[in-house]
Amino acid sequence: MEYGLFTSIIHAIVIASTPLVFAGLGALIQERAGVLNLGIEGLMIVGALAGFASALAGYPLIVSVFVAAFAGSALASIFALLVLRLYANPVATGLALTLFGLGLSALAGSQYVGQAAPQVAEWIIPGLNHIPVIGRAFFSHDPLVYLSIVMAGTMWWFLTKSRAGLILRAVGENHSSAHSLGFSVIGIRFLAILTGGALAGIGGAYLTLVQTPLFVEGMTAGRGWIALALVVFASWRPFRVIAGAYLFGGVSIVQLHGQALGISIAAQWLSMLPYLVTICALVIIASRVKGENSAPGSLGITFKESK
Amino acid sequence: MNINKIICRFVGLCLTALIALPAVADKTKVGFVYVGPVADAGWTYEHDQGRLAVEKKYGDKVETVFVESVSEGPDAERVIAQMAADGANVVFTTSFGYMNPTLKVAKQFPNVKFEHATGYKRADNVATYSSRFYEGRHVLGLIAGKMTKTNTIGYIASFPIPEVVRGINAAYLAAKSVNPAVKFKVIWVSTWFDPGKEADAAKALIDQGADILMQHTDSAAPMKIAEERGIYAFGQASDQAAYGPNAQLTAIIDDWAPYYVRRVGDVINGSWASTDTWGGFDTGMVALAPYGKAVPAEVKKMADEARKAITEGRLHAFTGPVNKQDGTPWLKAGETADDGTLLGMNFYVEGIEGSLP
């Protein structure tokens, strides 16, 4: 091996975590607008299939990413219609979206089983990639890894520094007040859902284009649910989503390497760790007085315009 | 229980009987419960090929139904019971974890026949069947031992059940017999099917020096990773050359068709009995995919000879002297393992590093 084992491990952690970063950000933007979308898993797998199909058809990576984002948005728009316009229960609708996405991708994806996507080239950042150890670990990745970091940065800026982000948060904290101030609660939530769908779609596509890279039905294997847990763990902050995703990815990869090195910590304990950490985070958040770390006030509450 | 409930149950039973009876009268209804999706290109796919073979053989005389992606646990019990209640004459439950649910449901439906794959508990109406995959693993082990340059074989394992442990031991003993310096690195991923995690495990093994991968999980992700990294791997459950045209050395293929056709025939003509079938190369239930182009001629020859010897009963994958991992003797020189020990195998043989989870 030309690179040290440590470097390889970090490199693998970044790859294993990236789908979670995208999906986590996708869930975060919706929850900040007050929408609880449990359909992330379904959005991911539909994006996974769409991106894979596009790559297989010979389109370049950037097109495949857009196709995946569009597929995620398209499916999310159904959710938006049901929840925002027809006032369906968001929890039930989100669960249905997951099941629907899994089924739809299985149906449409059966012809893609057994095929392999072209390999995605790495974008090596000149200069930085020569730094010992971390150069290879952090600065020679496929473009989507960098995109995930840029997305988190953009979302942080949007939510904390921009006026539009402030409005989105207002809608999430108290939709009645936002409405009485003249903001379109439905419109803003609709956009948030579309954005979230697109990000979840890209997260799924990362699995089929880079991480595995193949498509089989059900291949998201619960990552959408981990993304939802990450958002809570991150107390609704974009950069903490990255931290949480890397922590989760880190534990899973280190666990695998530990086994191959013959370090005998029970694998089951390590598999449990990320979930235990999430539960602890939940408890800490719940024990605080309502403050900056708590959930958006109107999260998951249906908004009806009073006539 | 109040009277209303009794009436409700009675009406329900009558309705079930009404729906079920016509099906029973005309056709033999055969149910299959799958742990993964039919399109997994592996374990479940091969079971479904067996189901299709049954349909092809008996045509109008049978009706087959299946439910895929049934998780092992309470869900399985519900699905199996539903199949039995819907008038299935025989139900094949095709994963180890369905063992207790199958037995539980079998008690409630004494007239329905059940067949559980890879388990060891039977009843009057529950038969078990499995394949001697370890015979295939022996051949893979020989090829791996001969072809590894780094003397490190990576093994992606699912759960520490006897079936999986036996495969690791068989492959290791065979590899060791042709290459005393060989080492096995085993990673337990605690899942049968998670392409992402299987791919991560494959990468971890390659990063730690493995140049040949074996797996006992159900997706083709490790094969794809092997292809990308330019190393070799063995396909699992079915031919995975599509994912690794250069990487696949061969694959163990589970061929359930001969068994399913025979057993459904027994149900149709009324001669079905609870049996325990464990077929290997000799019954055709275990087969190998064509060798990859990377396999040298002399290795092919060696593999073919071993396969022939096993088929003819001249060679057993577990032949002494073999010690357990802790050094205690298990098989004396020339002694072969009995099926009972193999079916309950819960220890590594001497030479494998690490401990069972």
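In the predicted model, helix 3 of chain A, formed by residues 61-85, comprises 25 residues and extends 35 Å from its first C-alpha to its last, close to the 36 Å expected at 1.5 Å a residue. Just after this helix, A:Tyr87 adopts a positive phi of about 55°.

Chain A contains twelve helices and two strands. Read from the N terminus, its elements follow the order α-α-α-α-β-α-β-α-α-α-α-α-α-α. The radius of gyration of chain A is 20 Å, close to the 19 Å given by the globule rule for 307 residues, so the chain is as compact as a globular protein of that length. The C-alpha trace of chain A spans about 70 × 45 × 40 Å along its principal axes. Of the 307 residues in chain A, 52% are buried. Among contacts in chain A with a separation of 6 or more, 78% are accounted for by residues 24 or more positions apart.

Helix 10 of chain A, residues 223-233, is largely enclosed by the rest of the structure, because nine of its eleven residues are buried. The buried set consists of A:Arg223, A:Gly224, A:Ile226, A:Ala227, A:Leu228, A:Ala229, A:Leu230, A:Val231 and A:Phe233. After helix 10 of chain A comes A:Ser235, with a positive phi near 40°.

Another helix of chain A, helix 7 (residues 163-173), contains A:Ile167. This residue is partly exposed, as 17 other C-beta atoms lie within 10 Å, whereas the cut-off for a buried residue is 20 or more. Once neighbours within four places in sequence are set aside, A:Ile167 is in contact with A:Phe183 and A:Ile188. A distance of 7.7 Å separates the C-alpha atoms of A:Ile167 and A:Ala178, which are eleven residues apart along the chain.

Chain B is built from eleven helices and 14 strands. Taken along the principal axes, the C-alpha atoms of chain B fill a box of roughly 70 × 45 × 40 Å.

The domain assignment divides chain B into domain 1 (3-131) and domain 2 (134-253 + 288-343). The C-alpha centres of these two domains of chain B lie 32 Å apart. Across their boundary, eleven residues of domain 1 of chain B are in contact with twelve residues of domain 2 of chain B. On the domain 1 side, the residues touching domain 2 of chain B comprise six nonpolar, three polar and two charged.

Between the chains, 32 residues of chain B are in contact with 34 residues of chain A. Strand 7 (183-188), helix 7 (195-207) and helix 8 (221-229) of chain B each contribute at least two residues to the side of chain B that touches chain A. Helix 7 of chain B supplies the largest share of that side, nine residues. By residue class, the side of chain B that touches chain A divides into 15 nonpolar, eight polar and nine charged.

The largest nonpolar core has 202 residues, and those with the most contacts inside it are A:Leu230 and B:Ile187. From chain B, this core draws at least three residues from each of domain 1 (3-131) and domain 2 (134-253 + 288-343). Apart from neighbours within four places in sequence, B:Ile187 is in contact with A:Leu256, A:Gln259 and A:Ala260 of chain A, and with B:Ile156, B:Ala157, B:Ala201, B:Ala204 and B:Leu205 of chain B. A:Leu230, for its part, is among the buried residues of helix 10 of chain A.

Several backbone features occur in loops of chain B. B:Ser69 has a positive phi of about 50° although it is not a glycine, and occupies the loop between strand 2 (62-67) and helix 3 (74-85) of chain B. With 17 C-beta neighbours inside 10 Å, B:Ser69 counts as partly exposed. B:Thr118, also a residue other than glycine, has a positive phi near 70°. The loop holding B:Thr118 runs between strand 4 (113-117) and strand 5 (126-131) of chain B, and B:Thr118 is buried, with 21 other C-beta atoms within 10 Å. Finally, B:Gly320 and B:Pro321 are joined by a cis peptide bond with omega of about 0°. B:Pro321 lies in the loop between helix 10 (297-311) and strand 13 (322-323) of chain B.

Terms used
Residues are numbered from 1 along each chain as its sequence is written. Chains are lettered from A and ligands numbered from 1 in the order in which they are written. This is a predicted model: local features need pLDDT of at least 70, side-chain atom pairs count only at pLDDT 80 or more; totals for chains, interfaces and linings use all residues. A nonpolar core is a set of buried Ala, Val, Leu, Ile, Met, Phe, Trp, Tyr and Cys residues joined through C-beta atoms within 7 Å. A residue is buried if 20 or more other C-beta atoms lie within 10 Å of its own, exposed if 12 or fewer, and partly exposed in between; C-beta atoms are placed from the backbone. Domain bounds come from an automatic or database domain assignment. Two residues are in contact if their C-beta atoms, placed from the backbone, lie within 7 Å. Ala, Val, Leu, Ile, Met, Phe, Trp, Tyr, Cys and Pro count as nonpolar, Asp, Glu, Lys and Arg as charged, and the others, Gly among them, as polar. Helices (H or I, at least four residues) and strands (E, at least two) are DSSP runs, numbered from the N terminus. The expected span of a helix is 1.5 Å times one less than its number of residues. The radius of gyration is taken over C-alpha atoms; the globule rule is 2.2 Å times the number of residues to the power 0.38.
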